[in-house]
Amino acid sequence: MSFTFQVDLRGIVDLLSHHLYASPRVYVRELMQNAVDAITALRTHHPEHAGAVAIETPAHTGGPLRVTDNGIGLTEAQVHELLATIGRSSKRDDLGFARHEFLGQFGIGLLSCFLVADRIQVHSRCGDAPTVEWIGSSDGSYQVRVLPEEEWLPTAGTVVTLDPRHGAQEWVEADTVRELAGLYGSMLPIPVTVDGELVTIGLPPWETAEGESPLARRARLLSYAEDVFGFTPFDVIDLSVAEAGLRGVAFVLPMQSSPASRAAHRVYLKQMLLSEGIEGLLPEWAFFVRCVVDTTELRPTASREALYDDGLLEQVRDGLGDQLRGWIARLGAMDERKLSAFLRIHHLGVKALAVHDDDMLRLVEQWWPFETTVGPMTLAEFRATHGVIRYAASLDEFRQIVAVASAQGIPVVNAGYVYDAELVSRLPDLDKETIIEPLGAGDLATQLEELEPATELSLRPFLSLAQRTLDRFGVEVLVRAFDPSGLPALYLLDSDTAFHLDMERGKENVDDVWASILGSFTAGKTERPQLVLNFRNPLVRQAAGIAEPELLTLALEGLYIQALLLGHQPMRPADTAAMNQSFLGLLARAMRNGSV
(Lines give C-alpha, C1' and ligand atoms only; values in the text may rest on other atoms or scores of the structure.)
Protein backbone atom coordinates (compact mmCIF):
# COMPACT_ATOMS: atom_id res chain seq x y z
CA MET A 1 0.00 0.00 0.00
CA SER A 2 1.38 3.42 -0.93
CA PHE A 3 0.60 6.79 0.60
CA THR A 4 1.08 10.41 -0.43
CA PHE A 5 3.04 12.85 1.75
CA GLN A 6 0.86 15.46 3.44
CA VAL A 7 2.41 18.93 3.09
CA ASP A 8 1.89 21.57 5.76
CA LEU A 9 2.12 24.81 3.82
CA ARG A 10 2.65 26.82 7.01
CA GLY A 11 5.73 24.69 7.63
CA ILE A 12 6.88 25.21 4.05
CA VAL A 13 6.52 28.98 4.42
CA ASP A 14 8.46 28.88 7.69
CA LEU A 15 11.16 26.86 5.94
CA LEU A 16 11.34 29.40 3.11
CA SER A 17 11.53 32.40 5.40
CA HIS A 18 14.00 31.04 7.95
CA HIS A 19 16.23 28.72 5.95
CA LEU A 20 15.96 29.23 2.18
CA TYR A 21 15.64 32.96 1.60
CA ALA A 22 17.84 35.45 3.39
CA SER A 23 15.14 38.11 3.47
CA PRO A 24 11.43 38.60 2.60
CA ARG A 25 12.55 41.13 -0.02
CA VAL A 26 13.03 38.31 -2.55
CA TYR A 27 9.27 38.18 -3.13
CA VAL A 28 9.61 41.16 -5.52
CA ARG A 29 12.25 39.29 -7.50
CA GLU A 30 10.10 36.15 -7.71
CA LEU A 31 7.06 38.08 -8.92
CA MET A 32 9.12 39.80 -11.61
CA GLN A 33 10.66 36.48 -12.63
CA ASN A 34 7.22 34.92 -13.14
CA ALA A 35 6.08 37.95 -15.15
CA VAL A 36 9.19 38.01 -17.36
CA ASP A 37 8.93 34.25 -17.96
CA ALA A 38 5.31 34.63 -19.06
CA ILE A 39 6.31 37.33 -21.56
CA THR A 40 9.25 35.23 -22.77
CA ALA A 41 6.90 32.27 -23.32
CA LEU A 42 4.58 34.40 -25.44
CA ARG A 43 7.49 35.72 -27.49
CA THR A 44 8.38 32.17 -28.54
CA HIS A 45 5.16 32.26 -30.59
CA HIS A 46 5.06 36.01 -31.27
CA PRO A 47 8.64 37.37 -31.32
CA GLU A 48 7.43 40.89 -32.01
CA HIS A 49 5.38 41.02 -28.80
CA ALA A 50 6.20 44.12 -26.70
CA GLY A 51 6.08 42.86 -23.16
CA ALA A 52 5.76 44.98 -20.02
CA VAL A 53 5.55 44.46 -16.27
CA ALA A 54 3.69 46.92 -14.07
CA ILE A 55 3.92 46.91 -10.27
CA GLU A 56 1.43 49.00 -8.31
CA THR A 57 1.90 49.58 -4.60
CA PRO A 58 -0.84 50.21 -2.02
CA ALA A 59 0.06 53.91 -2.15
CA HIS A 60 -0.99 53.86 -5.82
CA THR A 61 -3.92 51.42 -5.73
CA GLY A 62 -5.31 52.44 -2.39
CA GLY A 63 -5.51 48.74 -1.55
CA PRO A 64 -3.31 45.70 -2.21
CA LEU A 65 0.00 45.36 -4.06
CA ARG A 66 -0.59 44.36 -7.68
CA VAL A 67 1.81 42.95 -10.31
CA THR A 68 0.55 42.83 -13.91
CA ASP A 69 2.18 41.35 -17.01
CA ASN A 70 1.02 40.93 -20.59
CA GLY A 71 2.57 37.50 -21.00
CA ILE A 72 1.19 34.19 -22.14
CA GLY A 73 -1.14 33.66 -19.17
CA LEU A 74 -2.42 30.35 -17.81
CA THR A 75 -5.37 28.11 -18.52
CA GLU A 76 -7.36 26.45 -15.75
CA ALA A 77 -5.41 23.20 -16.16
CA GLN A 78 -2.11 25.04 -16.04
CA VAL A 79 -3.15 26.89 -12.91
CA HIS A 80 -3.70 23.56 -11.18
CA GLU A 81 -0.37 22.19 -12.39
CA LEU A 82 1.79 25.25 -11.72
CA LEU A 83 0.24 26.89 -8.70
CA ALA A 84 -1.33 24.06 -6.74
CA THR A 85 1.36 21.37 -6.83
CA ILE A 86 4.60 21.88 -4.94
CA GLY A 87 7.68 20.15 -6.34
CA ARG A 88 6.20 18.55 -9.48
CA SER A 89 8.27 19.33 -12.61
CA SER A 90 7.15 16.90 -15.34
CA LYS A 91 3.95 18.80 -16.17
CA ARG A 92 5.91 22.04 -16.00
CA ASP A 93 8.12 20.67 -18.75
CA ASP A 94 5.06 19.70 -20.82
CA LEU A 95 3.65 23.21 -20.46
CA GLY A 96 6.85 24.71 -21.79
CA PHE A 97 8.12 26.45 -18.67
CA ALA A 98 11.29 24.39 -18.12
CA ARG A 99 13.49 25.56 -20.97
CA HIS A 100 16.62 27.51 -20.10
CA GLU A 101 15.20 30.81 -21.41
CA PHE A 102 13.07 31.07 -18.29
CA LEU A 103 14.18 32.55 -15.01
CA GLY A 104 12.28 30.89 -12.21
CA GLN A 105 9.90 28.23 -10.96
CA PHE A 106 6.27 29.34 -11.00
CA GLY A 107 5.11 27.37 -7.98
CA ILE A 108 8.05 27.89 -5.62
CA GLY A 109 8.42 31.51 -6.76
CA LEU A 110 4.83 32.28 -5.88
CA LEU A 111 5.21 30.62 -2.49
CA SER A 112 7.81 33.25 -1.59
CA CYS A 113 4.98 35.79 -1.53
CA PHE A 114 3.68 34.11 1.63
CA LEU A 115 6.71 35.69 3.33
CA VAL A 116 4.83 39.00 3.29
CA ALA A 117 1.19 38.01 2.73
CA ASP A 118 -1.32 35.52 4.13
CA ARG A 119 -3.39 35.57 0.92
CA ILE A 120 -2.36 35.56 -2.74
CA GLN A 121 -4.81 36.15 -5.58
CA VAL A 122 -3.93 35.35 -9.20
CA HIS A 123 -6.02 36.27 -12.23
CA SER A 124 -4.67 34.83 -15.47
CA ARG A 125 -5.87 34.60 -19.04
CA CYS A 126 -4.24 32.61 -21.85
CA GLY A 127 -5.09 33.81 -25.36
CA ASP A 128 -8.84 33.85 -25.93
CA ALA A 129 -9.51 31.45 -23.05
CA PRO A 130 -11.52 32.55 -20.01
CA THR A 131 -9.83 34.26 -17.10
CA VAL A 132 -9.00 31.89 -14.25
CA GLU A 133 -8.86 32.98 -10.61
CA TRP A 134 -6.60 31.23 -8.10
CA ILE A 135 -6.65 32.23 -4.44
CA GLY A 136 -4.14 30.66 -2.08
CA SER A 137 -3.86 31.01 1.68
CA SER A 138 -0.91 30.41 3.95
CA ASP A 139 -2.89 27.71 5.79
CA GLY A 140 -2.47 25.47 2.73
CA SER A 141 -5.92 25.91 1.20
CA TYR A 142 -6.61 27.30 -2.27
CA GLN A 143 -9.54 27.94 -4.61
CA VAL A 144 -9.68 27.85 -8.40
CA ARG A 145 -12.59 29.09 -10.49
CA VAL A 146 -13.26 30.33 -13.98
CA LEU A 147 -14.56 33.90 -13.86
CA PRO A 148 -17.71 34.98 -15.66
CA GLU A 149 -17.04 36.76 -18.94
CA GLU A 150 -17.75 40.21 -17.54
CA GLU A 151 -14.84 39.73 -15.11
CA TRP A 152 -12.30 38.55 -17.67
CA LEU A 153 -9.00 40.35 -18.11
CA PRO A 154 -9.18 42.48 -21.27
CA THR A 155 -6.14 40.78 -22.82
CA ALA A 156 -3.90 37.79 -22.18
CA GLY A 157 -1.68 38.10 -19.14
CA THR A 158 -1.58 37.68 -15.39
CA VAL A 159 -2.33 39.87 -12.38
CA VAL A 160 -0.99 38.87 -8.95
CA THR A 161 -2.50 40.63 -5.95
CA LEU A 162 -1.07 40.56 -2.42
CA ASP A 163 -2.67 41.74 0.80
CA PRO A 164 0.25 42.26 3.20
CA ARG A 165 -0.05 40.53 6.54
CA HIS A 166 0.07 42.47 9.78
CA GLY A 167 3.67 43.45 10.51
CA ALA A 168 4.83 43.10 6.89
CA GLN A 169 3.44 46.37 5.51
CA GLU A 170 6.93 47.85 5.25
CA TRP A 171 7.76 45.38 2.46
CA VAL A 172 5.02 46.73 0.18
CA GLU A 173 5.66 50.43 0.74
CA ALA A 174 6.25 52.34 -2.49
CA ASP A 175 9.88 53.31 -1.77
CA THR A 176 10.79 49.78 -0.70
CA VAL A 177 9.17 48.12 -3.72
CA ARG A 178 10.72 50.65 -6.10
CA GLU A 179 14.16 50.07 -4.60
CA LEU A 180 13.84 46.26 -4.77
CA ALA A 181 12.43 46.27 -8.30
CA GLY A 182 15.31 48.50 -9.42
CA LEU A 183 17.85 46.35 -7.62
CA TYR A 184 16.71 43.02 -9.08
CA GLY A 185 15.23 44.07 -12.39
CA SER A 186 17.14 47.14 -13.61
CA MET A 187 18.98 45.10 -16.31
CA LEU A 188 15.91 43.23 -17.63
CA PRO A 189 15.25 43.56 -21.37
CA ILE A 190 11.53 43.98 -20.59
CA PRO A 191 10.37 47.35 -19.19
CA VAL A 192 9.33 47.25 -15.54
CA THR A 193 7.46 50.13 -13.90
CA VAL A 194 6.57 50.79 -10.27
CA ASP A 195 3.58 53.11 -9.90
CA GLY A 196 4.23 54.25 -13.47
CA GLU A 197 7.93 55.00 -12.93
CA LEU A 198 10.37 53.03 -15.11
CA VAL A 199 13.01 51.13 -13.08
CA THR A 200 14.79 49.27 -15.89
CA ILE A 201 17.81 51.14 -17.31
CA GLY A 202 17.78 49.60 -20.76
CA LEU A 203 21.56 49.16 -21.31
CA PRO A 204 23.47 46.76 -19.07
CA PRO A 205 27.18 47.50 -18.47
CA TRP A 206 28.30 44.49 -20.51
CA GLU A 207 26.50 45.83 -23.60
CA THR A 208 27.65 48.48 -26.09
CA ALA A 209 25.08 50.90 -27.45
CA GLU A 210 24.76 51.25 -31.19
CA GLY A 211 27.24 53.88 -32.33
CA GLU A 212 28.78 54.20 -28.85
CA SER A 213 32.50 55.01 -29.02
CA PRO A 214 35.02 53.19 -26.78
CA LEU A 215 35.65 56.42 -24.86
CA ALA A 216 31.94 57.03 -24.30
CA ARG A 217 31.43 53.43 -23.15
CA ARG A 218 34.38 53.68 -20.77
CA ALA A 219 32.98 56.89 -19.28
CA ARG A 220 29.61 55.17 -18.82
CA LEU A 221 31.22 52.18 -17.09
CA LEU A 222 33.32 54.39 -14.81
CA SER A 223 30.17 56.22 -13.79
CA TYR A 224 28.39 52.89 -13.22
CA ALA A 225 31.22 51.66 -10.94
CA GLU A 226 31.04 54.87 -8.92
CA ASP A 227 27.29 54.49 -8.45
CA VAL A 228 27.29 50.74 -7.68
CA PHE A 229 30.61 50.07 -5.96
CA GLY A 230 31.53 53.53 -4.69
CA PHE A 231 34.92 53.86 -6.42
CA THR A 232 36.38 55.04 -9.73
CA PRO A 233 38.11 51.95 -11.12
CA PHE A 234 41.76 51.85 -12.13
CA ASP A 235 40.66 50.12 -15.34
CA VAL A 236 37.77 48.20 -16.86
CA ILE A 237 38.15 44.71 -18.37
CA ASP A 238 35.55 43.04 -20.59
CA LEU A 239 34.80 39.42 -19.67
CA SER A 240 33.27 36.58 -21.66
CA VAL A 241 32.91 32.81 -21.24
CA ALA A 242 30.83 31.37 -24.08
CA GLU A 243 30.31 27.96 -22.45
CA ALA A 244 28.38 29.58 -19.61
CA GLY A 245 26.69 32.24 -21.72
CA LEU A 246 28.60 34.70 -19.55
CA ARG A 247 29.45 38.29 -20.38
CA GLY A 248 30.38 41.10 -18.09
CA VAL A 249 32.99 43.57 -16.94
CA ALA A 250 35.62 43.57 -14.21
CA PHE A 251 36.45 46.80 -12.42
CA VAL A 252 40.03 46.99 -11.16
CA LEU A 253 40.16 48.48 -7.66
CA PRO A 254 42.01 51.81 -7.43
CA MET A 255 43.25 50.99 -3.92
CA GLN A 256 45.07 48.10 -2.33
CA SER A 257 42.89 45.19 -1.27
CA SER A 258 43.77 42.52 1.26
CA PRO A 259 43.93 38.91 0.02
CA ALA A 260 41.76 38.03 3.03
CA SER A 261 39.06 40.53 2.08
CA ARG A 262 35.68 39.25 0.93
CA ALA A 263 35.63 39.64 -2.86
CA ALA A 264 31.93 39.67 -3.74
CA HIS A 265 30.55 40.24 -7.23
CA ARG A 266 27.21 41.18 -8.80
CA VAL A 267 25.87 38.27 -10.83
CA TYR A 268 22.78 38.38 -13.05
CA LEU A 269 20.97 35.31 -14.33
CA LYS A 270 19.41 36.07 -17.70
CA GLN A 271 19.65 39.74 -16.73
CA MET A 272 17.82 39.33 -13.40
CA LEU A 273 20.03 40.05 -10.41
CA LEU A 274 20.94 36.86 -8.60
CA SER A 275 22.97 38.46 -5.81
CA GLU A 276 25.23 41.41 -5.05
CA GLY A 277 27.54 39.19 -3.00
CA ILE A 278 28.49 36.16 -5.10
CA GLU A 279 31.79 34.62 -3.98
CA GLY A 280 33.92 32.05 -5.78
CA LEU A 281 33.33 33.50 -9.24
CA LEU A 282 37.02 34.30 -9.70
CA PRO A 283 40.25 32.57 -8.61
CA GLU A 284 41.38 33.45 -5.09
CA TRP A 285 44.31 35.52 -6.37
CA ALA A 286 41.99 37.89 -8.27
CA PHE A 287 40.98 39.87 -5.18
CA PHE A 288 41.84 43.16 -6.90
CA VAL A 289 38.71 43.31 -9.11
CA ARG A 290 34.95 43.52 -8.63
CA CYS A 291 32.79 42.05 -11.39
CA VAL A 292 29.35 42.55 -12.85
CA VAL A 293 28.38 39.61 -15.05
CA ASP A 294 25.33 38.05 -16.64
CA THR A 295 25.06 34.31 -17.31
CA THR A 296 22.51 32.07 -18.94
CA GLU A 297 23.95 28.67 -18.05
CA LEU A 298 25.36 28.76 -14.51
CA ARG A 299 23.05 27.11 -12.00
CA PRO A 300 21.68 29.06 -9.03
CA THR A 301 21.19 27.43 -5.65
CA ALA A 302 17.69 26.76 -4.36
CA SER A 303 17.47 30.20 -2.78
CA ARG A 304 18.59 31.81 -6.06
CA GLU A 305 21.04 33.92 -4.06
CA ALA A 306 24.27 32.03 -4.89
CA LEU A 307 25.81 29.91 -7.62
CA TYR A 308 25.97 26.13 -7.54
CA ASP A 309 29.64 25.17 -7.35
CA ASP A 310 29.92 22.60 -10.13
CA GLY A 311 32.23 21.82 -13.03
CA LEU A 312 30.85 24.66 -15.15
CA LEU A 313 31.51 27.23 -12.44
CA GLU A 314 35.07 25.91 -12.13
CA GLN A 315 35.46 26.28 -15.89
CA VAL A 316 34.17 29.85 -15.66
CA ARG A 317 36.57 30.57 -12.82
CA ASP A 318 39.52 29.37 -14.89
CA GLY A 319 38.36 31.25 -17.99
CA LEU A 320 37.92 34.55 -16.16
CA GLY A 321 41.30 34.07 -14.49
CA ASP A 322 42.92 33.63 -17.91
CA GLN A 323 41.33 36.87 -19.13
CA LEU A 324 42.55 38.84 -16.11
CA ARG A 325 46.01 37.36 -16.52
CA GLY A 326 45.95 38.32 -20.21
CA TRP A 327 45.05 41.90 -19.30
CA ILE A 328 48.07 42.15 -16.99
CA ALA A 329 50.34 40.66 -19.66
CA ARG A 330 49.08 43.19 -22.23
CA LEU A 331 49.91 46.01 -19.86
CA GLY A 332 53.49 44.72 -19.67
CA ALA A 333 53.74 44.68 -23.46
CA MET A 334 51.90 47.91 -24.28
CA ASP A 335 51.81 50.30 -21.31
CA GLU A 336 54.73 50.04 -18.91
CA ARG A 337 53.76 53.13 -16.91
CA LYS A 338 50.27 51.81 -16.30
CA LEU A 339 51.65 48.39 -15.36
CA SER A 340 53.99 49.98 -12.82
CA ALA A 341 51.10 51.96 -11.35
CA PHE A 342 49.00 48.79 -11.18
CA LEU A 343 51.77 46.81 -9.46
CA ARG A 344 52.26 49.54 -6.87
CA ILE A 345 48.63 49.02 -5.87
CA HIS A 346 48.05 45.30 -6.45
CA HIS A 347 51.43 43.59 -6.31
CA LEU A 348 50.13 41.07 -3.75
CA GLY A 349 47.56 39.69 -6.18
CA VAL A 350 50.08 39.48 -9.00
CA LYS A 351 52.63 37.79 -6.73
CA ALA A 352 50.03 35.28 -5.56
CA LEU A 353 49.35 34.42 -9.20
CA ALA A 354 53.07 34.31 -10.07
CA VAL A 355 53.66 31.60 -7.46
CA HIS A 356 51.98 29.18 -9.88
CA ASP A 357 52.04 30.98 -13.23
CA ASP A 358 55.22 31.33 -15.30
CA ASP A 359 53.96 34.27 -17.38
CA MET A 360 53.18 36.27 -14.26
CA LEU A 361 56.53 35.27 -12.74
CA ARG A 362 58.31 36.72 -15.77
CA LEU A 363 56.30 39.90 -15.36
CA VAL A 364 57.23 40.16 -11.67
CA GLU A 365 60.88 39.43 -12.46
CA GLN A 366 60.98 42.19 -15.07
CA TRP A 367 58.89 44.89 -13.42
CA TRP A 368 58.52 44.58 -9.64
CA PRO A 369 61.38 46.17 -7.63
CA PHE A 370 62.64 44.14 -4.67
CA GLU A 371 64.42 45.60 -1.66
CA THR A 372 68.13 44.68 -1.75
CA THR A 373 71.32 45.60 0.07
CA VAL A 374 72.29 47.69 -2.99
CA GLY A 375 68.97 49.50 -3.31
CA PRO A 376 65.63 48.72 -4.99
CA MET A 377 66.09 46.51 -8.07
CA THR A 378 64.02 44.10 -10.13
CA LEU A 379 65.14 40.49 -10.04
CA ALA A 380 66.10 40.72 -13.72
CA GLU A 381 68.32 43.75 -13.01
CA PHE A 382 69.83 42.08 -9.95
CA ARG A 383 70.70 38.92 -11.89
CA ALA A 384 72.17 40.89 -14.80
CA THR A 385 74.35 42.94 -12.44
CA HIS A 386 75.41 40.41 -9.82
CA GLY A 387 74.89 36.98 -11.40
CA VAL A 388 74.05 34.90 -8.33
CA ILE A 389 70.78 35.88 -6.60
CA ARG A 390 71.47 35.63 -2.89
CA TYR A 391 68.38 36.23 -0.81
CA ALA A 392 67.24 36.38 2.81
CA ALA A 393 64.06 34.36 3.20
CA SER A 394 62.71 36.38 6.13
CA LEU A 395 62.51 40.05 6.95
CA ASP A 396 64.20 39.54 10.32
CA GLU A 397 67.20 37.84 8.71
CA PHE A 398 67.52 40.59 6.12
CA ARG A 399 67.48 43.25 8.83
CA GLN A 400 70.19 41.39 10.73
CA ILE A 401 72.57 41.10 7.80
CA VAL A 402 71.86 44.21 5.71
CA ALA A 403 74.54 46.45 7.25
CA VAL A 404 77.28 43.82 7.27
CA ALA A 405 76.40 42.40 3.85
CA SER A 406 76.47 45.89 2.34
CA ALA A 407 79.84 46.67 3.91
CA GLN A 408 81.23 43.30 2.81
CA GLY A 409 80.07 43.88 -0.76
CA ILE A 410 77.66 40.91 -0.65
CA PRO A 411 74.50 41.85 -2.60
CA VAL A 412 71.40 40.27 -1.01
CA VAL A 413 67.72 40.39 -1.99
CA ASN A 414 65.13 40.81 0.74
CA ALA A 415 62.66 37.98 0.07
CA GLY A 416 61.00 38.31 3.45
CA TYR A 417 57.72 39.80 2.29
CA VAL A 418 54.71 37.66 1.42
CA TYR A 419 55.28 35.36 -1.59
CA ASP A 420 58.79 36.77 -2.28
CA ALA A 421 60.82 33.75 -1.16
CA GLU A 422 58.58 31.43 -3.20
CA LEU A 423 59.00 33.62 -6.27
CA VAL A 424 62.78 33.78 -6.00
CA SER A 425 63.00 30.03 -5.51
CA ARG A 426 60.97 29.56 -8.73
CA LEU A 427 63.30 31.62 -10.95
CA PRO A 428 65.24 28.55 -12.16
CA ASP A 429 61.93 27.30 -13.59
CA LEU A 430 62.13 30.17 -16.09
CA ASP A 431 65.85 29.88 -16.81
CA LYS A 432 67.86 26.86 -15.67
CA GLU A 433 71.04 28.94 -15.73
CA THR A 434 69.72 31.17 -12.95
CA ILE A 435 71.66 30.58 -9.72
CA ILE A 436 69.87 31.31 -6.47
CA GLU A 437 71.42 31.03 -3.05
CA PRO A 438 69.56 31.51 0.24
CA LEU A 439 71.65 33.50 2.68
CA GLY A 440 70.54 33.23 6.27
CA ALA A 441 71.92 34.95 9.32
CA GLY A 442 73.86 31.83 10.25
CA ASP A 443 75.38 31.61 6.75
CA LEU A 444 76.71 35.14 7.01
CA ALA A 445 78.90 34.25 9.98
CA THR A 446 80.89 31.83 7.80
CA GLN A 447 81.66 34.64 5.36
CA LEU A 448 83.11 36.98 7.97
CA GLU A 449 86.88 37.22 8.28
CA GLU A 450 88.46 35.06 10.95
CA LEU A 451 91.26 36.49 13.11
CA GLU A 452 94.94 35.73 12.78
CA PRO A 453 95.84 32.59 14.78
CA ALA A 454 98.03 34.57 17.18
CA THR A 455 95.33 37.16 17.78
CA GLU A 456 92.69 34.50 18.28
CA LEU A 457 94.90 32.68 20.75
CA SER A 458 95.44 35.86 22.78
CA LEU A 459 91.68 36.47 22.91
CA ARG A 460 90.77 33.04 24.26
CA PRO A 461 90.57 34.13 27.94
CA PHE A 462 88.36 37.09 26.95
CA LEU A 463 86.19 34.90 24.72
CA SER A 464 85.81 32.28 27.44
CA LEU A 465 84.77 34.91 29.98
CA ALA A 466 82.39 36.52 27.51
CA GLN A 467 80.75 33.15 26.83
CA ARG A 468 80.24 32.46 30.54
CA THR A 469 78.86 35.95 31.05
CA LEU A 470 76.33 35.73 28.21
CA ASP A 471 75.42 32.05 28.57
CA ARG A 472 72.31 32.99 30.52
CA PHE A 473 70.99 34.77 27.40
CA GLY A 474 71.37 31.61 25.32
CA VAL A 475 73.84 32.97 22.75
CA GLU A 476 77.07 31.66 21.29
CA VAL A 477 79.84 34.31 21.34
CA LEU A 478 82.22 34.61 18.38
CA VAL A 479 84.91 37.16 17.50
CA ARG A 480 85.39 38.08 13.83
CA ALA A 481 86.71 41.03 11.85
CA PHE A 482 84.24 42.66 9.49
CA ASP A 483 83.00 45.93 8.07
CA PRO A 484 81.50 48.30 8.90
CA SER A 485 84.00 48.83 11.66
CA GLY A 486 81.55 51.13 13.44
CA LEU A 487 79.30 48.14 14.19
CA PRO A 488 80.59 46.56 17.43
CA ALA A 489 78.42 43.42 17.52
CA LEU A 490 76.09 41.46 15.29
CA TYR A 491 73.22 39.26 16.51
CA LEU A 492 72.57 36.42 14.07
CA LEU A 493 69.47 34.23 14.31
CA ASP A 494 68.47 32.02 11.39
CA SER A 495 64.94 30.70 10.87
CA ASP A 496 65.68 27.14 12.07
CA THR A 497 67.23 28.37 15.28
CA ALA A 498 64.36 30.83 15.78
CA PHE A 499 61.89 27.94 15.52
CA HIS A 500 63.92 25.91 18.04
CA LEU A 501 63.93 28.85 20.49
CA ASP A 502 60.19 29.40 20.10
CA MET A 503 59.57 25.77 21.03
CA GLU A 504 61.85 26.01 24.06
CA ARG A 505 60.16 29.19 25.27
CA GLY A 506 56.75 27.67 24.69
CA LYS A 507 57.61 24.79 27.05
CA GLU A 508 57.92 27.30 29.90
CA ASN A 509 54.32 28.45 29.56
CA VAL A 510 52.40 25.15 29.25
CA ASP A 511 51.68 22.11 31.38
CA ASP A 512 53.82 18.97 31.45
CA VAL A 513 51.88 17.21 28.70
CA TRP A 514 52.27 20.01 26.19
CA ALA A 515 55.84 20.62 27.30
CA SER A 516 56.59 17.00 26.44
CA ILE A 517 55.00 17.40 23.02
CA LEU A 518 56.94 20.57 22.28
CA GLY A 519 60.09 18.93 23.56
CA SER A 520 59.78 16.26 20.85
CA PHE A 521 60.40 18.96 18.25
CA THR A 522 63.61 20.17 19.89
CA ALA A 523 65.08 16.91 21.15
CA GLY A 524 68.79 16.65 20.33
CA LYS A 525 69.01 20.18 18.91
CA THR A 526 71.54 22.60 20.39
CA GLU A 527 71.39 25.53 17.94
CA ARG A 528 71.84 28.93 19.56
CA PRO A 529 71.80 32.48 18.19
CA GLN A 530 75.27 33.92 17.57
CA LEU A 531 76.63 37.16 18.98
CA VAL A 532 79.53 38.09 16.71
CA LEU A 533 81.88 40.69 18.21
CA ASN A 534 83.67 42.86 15.63
CA PHE A 535 87.40 43.02 16.38
CA ARG A 536 87.74 45.96 13.98
CA ASN A 537 85.62 48.03 16.32
CA PRO A 538 87.68 50.05 18.86
CA LEU A 539 85.11 49.50 21.60
CA VAL A 540 85.35 45.73 21.27
CA ARG A 541 89.15 45.80 21.33
CA GLN A 542 88.99 47.98 24.42
CA ALA A 543 86.53 45.60 26.09
CA ALA A 544 88.88 42.69 25.37
CA GLY A 545 91.48 44.40 27.58
CA ILE A 546 89.23 45.02 30.61
CA ALA A 547 90.56 43.20 33.64
CA GLU A 548 87.77 44.06 36.10
CA PRO A 549 85.05 41.36 35.90
CA GLU A 550 82.16 43.63 36.94
CA LEU A 551 82.99 46.27 34.33
CA LEU A 552 83.49 43.61 31.64
CA THR A 553 80.09 42.13 32.44
CA LEU A 554 78.42 45.52 32.04
CA ALA A 555 80.25 46.11 28.76
CA LEU A 556 79.34 42.70 27.32
CA GLU A 557 75.71 43.06 28.33
CA GLY A 558 75.64 46.48 26.68
CA LEU A 559 77.10 45.09 23.44
CA TYR A 560 74.59 42.23 23.50
CA ILE A 561 71.60 44.55 24.01
CA GLN A 562 72.76 46.93 21.26
CA ALA A 563 73.06 43.98 18.84
CA LEU A 564 69.55 42.85 19.76
CA LEU A 565 68.11 46.28 19.07
CA LEU A 566 69.94 46.69 15.75
CA GLY A 567 68.67 43.25 14.70
CA HIS A 568 65.04 44.20 15.49
CA GLN A 569 64.80 41.29 17.92
CA PRO A 570 62.10 41.08 20.62
CA MET A 571 63.20 41.83 24.17
CA ARG A 572 62.60 39.19 26.84
CA PRO A 573 62.32 40.14 30.53
CA ALA A 574 65.92 38.99 31.09
CA ASP A 575 67.08 41.18 28.18
CA THR A 576 65.23 44.21 29.53
CA ALA A 577 66.78 43.68 32.97
CA ALA A 578 70.24 43.39 31.40
CA MET A 579 69.68 46.58 29.41
CA ASN A 580 68.78 48.52 32.55
CA GLN A 581 71.64 47.01 34.53
CA SER A 582 74.32 47.71 31.92
CA PHE A 583 73.10 51.22 31.15
CA LEU A 584 72.76 52.28 34.77
CA GLY A 585 75.99 50.54 35.79
CA LEU A 586 78.07 52.13 33.05
CA LEU A 587 76.41 55.50 33.71
CA ALA A 588 77.24 55.28 37.43
CA ARG A 589 80.88 54.46 36.66
CA ALA A 590 81.13 57.34 34.20
CA MET A 591 79.71 59.73 36.79
CA ARG A 592 82.14 58.50 39.45
CA ASN A 593 85.07 58.91 37.09
CA GLY A 594 83.87 62.36 36.13
CA SER A 595 83.67 63.48 39.76
CA VAL A 596 87.23 62.48 40.60
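**Helix end and helix interior**

Biologist: Which residue caps the N-terminal end of α11?

Modeller: Helices (H or I, at least four residues) and strands (E, at least two) are DSSP runs, numbered from the N terminus. The cap of α11 is Asp-357, with a side-chain oxygen 3.1 Å from the backbone nitrogen of Asp-359. This is a predicted model, in which local features need pLDDT of at least 70 and side-chain atom pairs count only at pLDDT 80 or more, while totals for chains, interfaces and linings use all residues. Residues are numbered from 1 along each chain as its sequence is written, and side-chain values use heavy atoms, with hydrogens and water left out.

Biologist: Which residues of α11 are buried?

Modeller: Buried means under 20% relative accessible area, exposed over 50%, and partly exposed in between (1.4 Å probe, protein chains only). In α11, residues 358-367, the buried ones are Met-360, Leu-361, Leu-363, Val-364 and Glu-365.

**A five-stranded sheet**

Biologist: In what order do the five strands of the open sheet stand?

Modeller: Strands of a sheet pair through backbone hydrogen bonds, either parallel or antiparallel. Here two strands pair if DSSP finds at least two bridges between them. The order is β9-β10-β13-β11-β12, with mixed pairing. β9 (235-241) and β12 each have a single partner strand, so one side of each is left without a neighbour in the sheet. From one strand to the next, the twist averages 15°; axes are lines fitted to C-alpha atoms, for helices over the stretch in contact, and angles run from 0 to 180 degrees between N-to-C directions.

Biologist: How many bridges join β11 and β12?

Modeller: β11 (residues 265-269) and β12 pair in the antiparallel sense over four bridges. Val-267 has Ser-275 of β12 as its bridge partner. Helix α7 (residues 174-185) packs on this sheet and touches β11 and β12; the direction of α7 makes about 90° with that of β12.

Biologist: Is Ser-275 buried or exposed?

Modeller: Ser-275, in strand β12 (residues 272-278), counts as buried because its relative accessibility is 14%. A polar atom of the Ser-275 side chain lies 3.0 Å from the backbone nitrogen of Gly-277. Contact means heavy atoms within 4.5 Å. Leaving aside residues up to four places away in sequence, Ser-275 touches His-265, Arg-266, Val-267 and Glu-305.

Biologist: At what angle do the axes of α18 and α22 cross?

Modeller: Two packed helices are described by the angle between their axes and the distance between the axes. The axes of α18 (residues 460-470) and α22 (residues 549-566) come within 10 Å and cross at roughly 70°. The two helices are therefore roughly perpendicular to each other (under 35 degrees counts as roughly parallel, over 145 as roughly antiparallel, 65 to 115 as roughly perpendicular, the rest as oblique). Among the residues that meet are Phe-462 and Leu-465 in α18, and Leu-552 and Tyr-560 in α22.

Key. Polar contact = N/O pair within 3.5 Å; in protein donor to acceptor, adjacent residues only side chain to side chain.
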